[in-house]
Amino acid sequence: MFTKAVLRCTLVIALFFLACKQQTKTPEPLLESKAMLTDWPVFEPQPLDPKIEARIDRILPQLTLEQKVGQIIQADSESVTPEEVKQYRLGSVLSGGNSAPGNKAYADAQTWLQMADQYYNASVDAEGVAVAIPIIWGIDAVHGHGNLEGAIVLPHNIGLGATHNPELIQKLAAITAHELTVSGHDWTFAPTLAVPQDVRWGRSYEGFSEAPDLANRYADKIVLGLQGQRGDAGFMGAGRVISCAKHFLADGATENGVDQGDAKIDESELLNVHAAGYYSAIPAGVQTVMASFSSYNGRKLHGDYELLTEVLKGKLGFNGFVVGDWNGHGQVPGCTNEDCPNAINAGVDMFMAPDSWKGLYESTLKHVKEGTITLERLDDAVRRILRVKLASGIFEKGAPSTRPFAGDENQLALPAHCALARQAVRESLVLLKNNNQLLPLDASKTILVVGDGAEHIIKAAGGWTLSWQGEGHTNDEFPNGESILEGIKEAVAKKGGKLIFSPEADTNLTADVVIAVFGEDPYAEFQGDRKHLDFVPNGFDTEKLATYKEKGIPVVSVFLSGRPMWTNPELNNSDAFVAAWLPGSEGGGVSDLLFQRDSGYDFTGKLSFSWPATAVAPQTKDVLFGLGYGLNYGSTEKVPLLLEDAGLENVTVASTGVFFDKGQATAPWQLQLQSAELEKQVASFPTSIGGLLVAKTDHKAQEDALKLEWTSTELLQAQLVTASPVDMARESNGAMELAFYARNFGQETATVQIGLCGTPGLCNQTLAVTISGQEWKAYRLSLSCFEKLGVDMSNITTAFSISAPQGTQLGLAAIQLATDADAKPGCNGQ
């Protein structure tokens, strides 16, 4: 139930949250505060089940202190064994984006299920305890079950926002829940309720809209689709999983769209915009909420008592439990990944401690014994966790393999579910341009399809698909998927037309119409952060579209992206332009509208993010197409020729993730030679300092690499340095690696020392890497390895250093940060 104040606030929410001020006196705060927020709506907490509370009252006294501490810790499946789950009585296991069982980042249902049983059976083994508590197993199923082979990959949230169809969104959430039960998972970290205000943010596609009303209209529907309706017989029954609203709070408001950054906004925007989704998710009974990596005006959310405890648990009435994000507690001032009482005391109930769980368990146990964390606070956290577990039925459901649908791959991609996913694709497509009403196309004509987005399902699916970043997967890995090209082929074949496919766009070919499918390559989280919104063509040269137009062949562009982008040149060279977002594995939904494959089909999608007129962000600064824009077949509007000035003249576009490429250091990094006494900035080649000689050599192109030779025993390093320190803490926490190519000249093997540091001069904290052979090979070092050496990853001025013994001759190329492809940290370069 709502209080009257909340009903007033909810009414204003429905009017785009232009104002939301309480007119009645708010109750006294539930907990003591230094600076209590006053304008938040007040929710009546969800009614507690007296039977569940009584059962918790019986369980809690039987738990040892060690069991209680174990319950508030979640480990990643790559870093914990079933035996350790039993030994430490952990409360939960998660599988990160690359943490599937086996040697791939995803797995089939039986492989997942086998691991699920092992963890569950270990957790309920009562040896040595009075009562054993089952674990719950979580995963990021954010657009379908992306880590399960054969599952449906749904459109990402940015596309679902364009549908403006809450009822459909609830049905899609139910599909995700159903397929999660096939693999034995109990919990998905969804829905994401961010309201992105600057789409340079790499997680923008996880948001439904830049306007808060959609987050509010969708949040409860997703919760109901995943969990069912509280009080109904089907709540948390067969085909249902625990949901998690994230990330609390204002992750979509960070300055310059920087992931894990700081939301420098006022309280009014915080509660009227960024909390919008929670106003419907909490009353719908969402059982868990994830704290945000980000900060609010300098306050790390994982350590923010005011927002986590007073607002979320107090004023908003949330009585489930708060889970942290991937080692997010370690970013709280005064904390490390393995020691953070501040987060528990602020209101986090369960640490997400993927690889730090063991040290965190020991330190947390110590803090409870010393009173830094009170027993009362620990019991409150455990009670909340038990409340969710009992409500989910985990105590009675039995081993995952014994539950309905478990391991039955015939339950994946059911025809009715695929039809709903395809409907979602159709409704998500936004027609930005259709000059001379080119669409719908006549499928009986000769159709030329160009662009790499047509045939590659992964490009249409984006990040969080099969792996964390979604990179490098083939169509064979989507046994139940259909590419956009396959959908087009089917439509053309049915009408007797002719299809020609030229992914790189052979301009010598001719046809009645060209369909170009192109866009962003997959990315996730901070790896998708951008300095600007200019679309840089990849996969094929979009300038070739002008050649087709000059030949009199009309062009339809289908643009795949996780955000609106500045695409004025592509718009100008297209007669029709479709914003397709990231539609997923039901590519046939695109062809449904390109050819109007049913008389009832038409474009209905409307922009839920404004489309930028320049590449300078945020996207709302200079708008080409506003919120709610979207054409249909009958629209007669013509998009005129657009200016092609991206406005980037004074924008720094260099990436701090690429340090040396194509034979030169990438700004702001500079190549420097360092000895104990001297340093030398490299301005030309060849050059030297003492006994270190540096020249150019070839890797993939002429002089695109360095050749280094050490001719003395003195400690000499080649370094890539910057004057302004760079914060790589999120990259280290995000399992990224320092990657480079190297080869030997002369000798067959050489052991070198690779460093990364923040101290000017020689890097002393180094890792030994053996360079083998005289062929170019890739070498990778997990950033976490440097962090374990004691490197302050938040203050990096030397991104790469290399030293070697006298007589060593090496080639070095392509030094950059890269995704940890197998999520198994390597500290020896292999």
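**Cavity, helices and backbone**

Helix 7 gives the largest share of the lining of the largest cavity, 4 residues. Helices (H or I, at least four residues) and strands (E, at least two) are DSSP runs, numbered from the N terminus. This is a predicted model, in which local features need pLDDT of at least 70 and side-chain atom pairs count only at pLDDT 80 or more, while totals for chains, interfaces and linings use all residues. Residues are numbered from 1 along each chain as its sequence is written, and side-chain values use heavy atoms, with hydrogens and water left out.

Back to the space itself. A cavity, on a 1 Å grid over the protein atoms alone, is a set of points where a 1.4 Å probe fits but cannot get out, and lining residues have an atom within 4 Å of a point. Grid points are joined across faces, edges and corners, and a volume is the space filled by probe spheres set on the points. There are 11 cavities of 30 Å³ or more in the structure, and the largest holds about 190 Å³. It is lined by 17 residues, of which Val 142, Asn 157, Ala 173, Thr 176 and Ile 222 are the closest to its centre. Helix 6 (157-163), helix 7 and helix 8 are the elements that give two or more residues to this lining. By class, the lining has 12 nonpolar, 5 polar and no charged residues. Here Ala, Val, Leu, Ile, Met, Phe, Trp, Tyr, Cys and Pro count as nonpolar, Asp, Glu, Lys and Arg as charged, and the others, Gly among them, as polar.

How do helix 7 and helix 8 cross? The axes of helix 7 (residues 166-183) and helix 8 (residues 212-227) come within 7 Å and cross at roughly 35°. Axes are lines fitted to C-alpha atoms, for helices over the stretch in contact, and angles run from 0 to 180 degrees between N-to-C directions. Contact means heavy atoms within 4.5 Å. Among the residues that meet are Ala 173 and Thr 176 in helix 7, and Ile 222 in helix 8. The residues of this contact divide into 9 nonpolar, 3 polar and 3 charged.

Helix 7 also packs with helix 16 (residues 415-428), at an angle of about 135° and with the axes 10 Å apart. Helix 7 is therefore oblique to helix 16, since angles under 35 degrees count as roughly parallel, over 145 as roughly antiparallel, 65 to 115 as roughly perpendicular and the rest as oblique. The contact includes Leu 168 and Ile 175 of helix 7 and Leu 420 and Ala 424 of helix 16.

Last, the backbone. Ala 413, in the loop between helix 15 (394-397) and helix 16, has phi near 50°, a positive value in a residue other than glycine. The peptide bond from Lys 246 to His 247 is cis, with omega near -5°, and His 247 is in strand 5 (residues 244-248).

Terms used:
On a 1 Å grid over the protein atoms alone, a cavity is a set of points where a 1.4 Å probe fits but cannot get out, and a pocket is an open set with protein on both sides within 12 Å along at least five of seven lines; lining residues have an atom within 4 Å of a point.
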